[in-house]
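Open the model in your viewer and keep the selection panel at hand. The stops below are meant to be taken in order.

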Amino acid sequence: MVNRVIVGAHYGLKDWLAQRVTALVMIAYTVIFLVALGRGTVSYASWKALFAQEWMRFATLLFVASVLIHAWVGVRNVWMDYIKHTGLRLALQIVTILWLVGCAGWAMQILWRL
Amino acid sequence: MPDLTAKKKRPVWYNLSPLNLPVPGLVSIFHRISGLALFLGLLAFLFLLDSSLSSESGFARAAEYLRAPIWKLGLMVSLWAFLHHLCAGVRHLLLDIDVGVGLESARRSAFAVFVVSLALTAFIGVRLW
């Protein structure tokens, strides 16, 4: 007898977990950002100095990566739920990936040219 | 003689208006709407970040944009979308670890999501405006 457990591709669980982990990263970044920003008015000098710090760039990189994964899982689920036409759904999913990767690339360019 | 026992075919009416959803259902659909709004707003945020970090004049230009009513409105909507998504997300994470899974507590926490996110939007919004 072949003792086989029937399982799926596991990507549902992976996505579920990724959604939670990236959410926690983004919550942590929000707190760090607000603390680092401090109170009072923000000037160009203090704004630039904030993002010029190496650790802040690293934290922002992790935040951007989290947004990328989190938004991909979320938006893809929305397309899967509401867009019944396969071709249109595929097109929207491709546009979503290009949009997110493009945004992440732009964010990196902004941070590392400082 | 007509058959009086035969049931007349009654029309089926589903009320799918989101306003008739229970509060947790409303939180859920607004979680989606706010998430999609934030996704679409990414470009505007990056535009502001790019401009504000480019130079002294770029920083002033970004601040100038945010003084325009249409950008301010966008900022307020984004603020609400962020706060609602955050509060609903925290509620989700708590539900995942079995906190507040009962029907009554789930309804109360869903109601709290709306109250807290709207109150914070008003509080921060007034200060930003």
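The tour goes from the chain interface to a helix pair and then to a loop residue.

This is a predicted model, in which local features need pLDDT of at least 70 and side-chain atom pairs count only at pLDDT 80 or more, while totals for chains, interfaces and linings use all residues. Residues are numbered from 1 along each chain as its sequence is written, and chains are lettered from A and ligands numbered from 1 in the order in which they are written.

**Chain B against chain A.** Select the 16 residues of chain B that are in contact with 15 residues of chain A (contact: C-beta atoms, placed from the backbone, within 7 Å). On the chain B side, two or more residues each come from helices H1 (23-54), H2 (56-67) and H3 (69-96); helices are DSSP runs of H or I with at least four residues, numbered from the N terminus. H1(B) gives the largest share, 11 residues. This side of chain B has nine nonpolar, three polar and four charged residues (nonpolar: Ala, Val, Leu, Ile, Met, Phe, Trp, Tyr, Cys and Pro; charged: Asp, Glu, Lys and Arg; polar: the others, Gly among them).

**H1(B) and H4(B).** Next, show these two helices, whose axes are 8 Å apart at an angle of about 45° (axes are lines fitted to C-alpha atoms over the stretch in contact, with angles from 0 to 180 degrees between N-to-C directions). Select B:Val23, B:Pro24 and B:Val27 of H1(B), then the H4(B) residues that complete the contact, including B:Phe111 and B:Phe114.

**B:Asp98.** Finally, go to the loop between H3 and H4 (103-128) of chain B, where B:Asp98 is found. Its phi is near 65°, a positive value in a residue other than glycine.

Note on methods
Contact = placed C-beta atoms within 7 Å.
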